[in-house]
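Trainee: I would like to go through this model with you. Can we take the ligand shell, a pocket and the charged pairs in turn?

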Amino acid sequence: MTDILIFITALSLVIHVLICLTFFISCIREKERRAAGFSGLQLAVALGLFGVLYFLKSSGFFDSKNGLVALGVGVIFIALTPLLLVMKTSRNNKALAGAKGLVVGSVERFDERETVFSRNRALRPGSQQYQRFYAQHPEYEEYDTARRKLGGPVGKPGLIDKPHEKPNLAASVASVNFSLHLSVPEIVTPQGFSGFKDESVSLSPAEATERVKGFGRHLGAGLIGITELDPSWIYSHRGEIFHENWQDWGREIDLNHKYVIIFTTEMSFEMIAAAPHTPTSIESRVQYAKGAAIATQLAAFIANLGYAATANHFRHYDLLLVPLAVDAGLGEMGRFGYLITKKFGPRVRLAAVTTDLPLIADKPVDIGVEDFCRDCKKCAICCPSNSITMADQREVNGSLRWKLDEETCFEYWGKVGTGCNICMRVCPWSHAGTLPHQLIKILVSRNRMARRLFTTMDDIFYGKKPKPKEPPAWARFN
Ligand code: SF4
Ligand code: SF4
């Protein structure tokens, strides 16, 4: 009996040492000095316990009655505690219902003309659109006028890194322009390659789904899901104008495609770790461009099969992508309004294709985000403009959510001259995709105690207000 208990304890300690060692190495590779210090300490304690076990065994302590009791308690503590963290303890039915699970009233389709970007780009003082829009929405005029004087949503680009910002700005603008080339109407909604016959290719929904997802992954999509297109998440009117396409401004969006294929591209951990400095702007735009390239090719593929398709990306949106990504099972919406995925956390950009090609829809997922965010609040604590609420979810346009103050968030963008992304950087789900972090994500997506434990551990290992880190040398800003 004693030998069996000693064996179980020793085996548990070996596993613990291996986990600590892997975590220690991963912290060094991620250049997380503070976390490396704490995980080194954790490793030393685990090795020390191993030494204590060896010493007590050699001294014959476990042959006594007290020794056996101590060993029994040790086994319960060391071997059973991890089991308590692995058990599935909760099920969030709201999350499993997708974006609909949060609907508590009537949802009005959102008008794209009201987004900060559309207001800034499309409403040129003196233009017809300007008069029409502010006659209907006088509440925005003072804020928008001040914003325009600052140079738009990001103000003076790269300001925070002045005078070293130029190379990084050059890189980020290169990617913005790439997406723009893919946004002319005939590319966004392709007609199909003329070399194909007119009739559509007949595919079962299962085969079409396999081919579409497979091609999307082959093109570089990280996660890819499908959902039936809920009209609540289609913009009501066109607001973003590119290519001087003014006749489009204010046009009602009439989209009757049945499905949306939605996918992520992963944002580099190293680049986001430098937020709010300019590397984060490069990375946002690089991934928007990648999403635009994938969506464009995927839409063309479906058009060549003989079905209607429209690409949705950085320079052409018909849709609000986050609720649709939730419906397609890519993740849940976090306190700061971004999608949080299990594999990459919020370090993703989204793009999509709508289509009438018959497909098989995915199901929404419960990965514990709502419960985690309720306790965590790290993004709200670290947000320099207090734009993320510390309060509970509340009803916003018929849906229960944490309301981000977009106006104050953009004010901070204007101060630093980048897309900020501090909230994305500090989120515990954003850590690099190393083995220990993936294991932690499995635990927190299953278990309430694990969520509480790892919220606290994240503060201890990474700090309550983690600082930005150096980016790769080619993207340095000082
Ligand atoms: S930082 Fe915390 S509260 Fe904010 S989105 Fe991430 S998990 Fe949720
Ligand atoms: S992007 Fe920056 S300012 Fe905006 S909510 Fe996130 S942390 Fe706050």
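Trainee: Which element gives the most to the shell around ligand 2?

Mentor: Keep in mind that this is a predicted model. Two helices, α16 (406–416) and α17 (422–426), each supply at least two residues of that shell. The top contributor gives 3 residues, and it is α16.

Trainee: How many residues of the shell around ligand 2 are nonpolar, and how many are polar or charged?

Mentor: The surrounding residues include C383, C409, C420 and C423, along with I388, L404, Y412 and W413. Cys counts as nonpolar in this scheme, as do Ile, Leu, Tyr and Trp. The shell divides into 10 nonpolar, 2 polar and no charged.

Trainee: Is C383 buried or exposed?

Mentor: C383 is one of the residues around ligand 2. The cut-off for buried is under 20% relative accessible area. C383 has 12%, so C383 is buried.

Trainee: How many disulfides does a search of the whole structure find?

Mentor: A disulfide is a covalent bond between the sulfur atoms of two cysteines. The test here is a pair of cysteine sulfur atoms within 2.5 Å. Over the whole structure, the search finds 0.

Trainee: Which element gives the largest share of the lining of the second largest pocket?

Mentor: This pocket holds about 1100 Å³ of space. Elements giving two or more residues to its lining are α1 (2–29), α2 (33–58), α3 (65–86), α18 (435–446) and α19 (448–462). The lining has 32 residues, with H16, I19, Q42, P82 and L85 nearest the centre. The largest share, 9 residues, comes from α1.

Trainee: How do the residues of that pocket's lining divide into nonpolar, polar and charged?

Mentor: Start at the centre of the second largest pocket, where I19, P82 and L85 are among the nearest residues. Ile, Pro and Leu count as nonpolar. The whole lining divides into 28 nonpolar, 4 polar and no charged.

Trainee: How far apart in sequence are the parts that D230 and K100 tie together?

Mentor: D230 forms a salt bridge with K100, with the closest N and O atoms 3.7 Å apart. D230 is buried at 12% relative accessible area, whereas K100 is exposed at 54%. D230 lies in the loop between β1 (224–228) and β2 (259–266), and K100 in the loop between α4 (93–96) and α5 (116–122), so the parts are apart by 130 residues.

Trainee: What distance separates the closest N and O atoms of D248 and R251?

Mentor: D248 is buried at 15% relative accessible area. R251 counts as partly exposed at 37%. They form a salt bridge, and the closest N and O atoms are apart by 2.8 Å.

Note on methods: Residues are numbered from 1 along each chain as its sequence is written. Chains are lettered from A and ligands numbered from 1 in the order in which they are written. This is a predicted model: local features need pLDDT of at least 70, side-chain atom pairs count only at pLDDT 80 or more; totals for chains, interfaces and linings use all residues. Side-chain values use heavy atoms; hydrogens and water are left out. A residue is near a molecule or strand if one of its heavy atoms lies within 4 Å of it. Helices (H or I, at least four residues) and strands (E, at least two) are DSSP runs, numbered from the N terminus. On a 1 Å grid over the protein atoms alone, a cavity is a set of points where a 1.4 Å probe fits but cannot get out, and a pocket is an open set with protein on both sides within 12 Å along at least five of seven lines; lining residues have an atom within 4 Å of a point. Grid points are joined across faces, edges and corners, and a volume is the space filled by probe spheres set on the points. Buried means under 20% relative accessible area, exposed over 50%, partly exposed in between (1.4 Å probe, protein chains only). A salt bridge is a side-chain nitrogen of Lys or Arg within 4 Å of a carboxyl oxygen of Asp or Glu.
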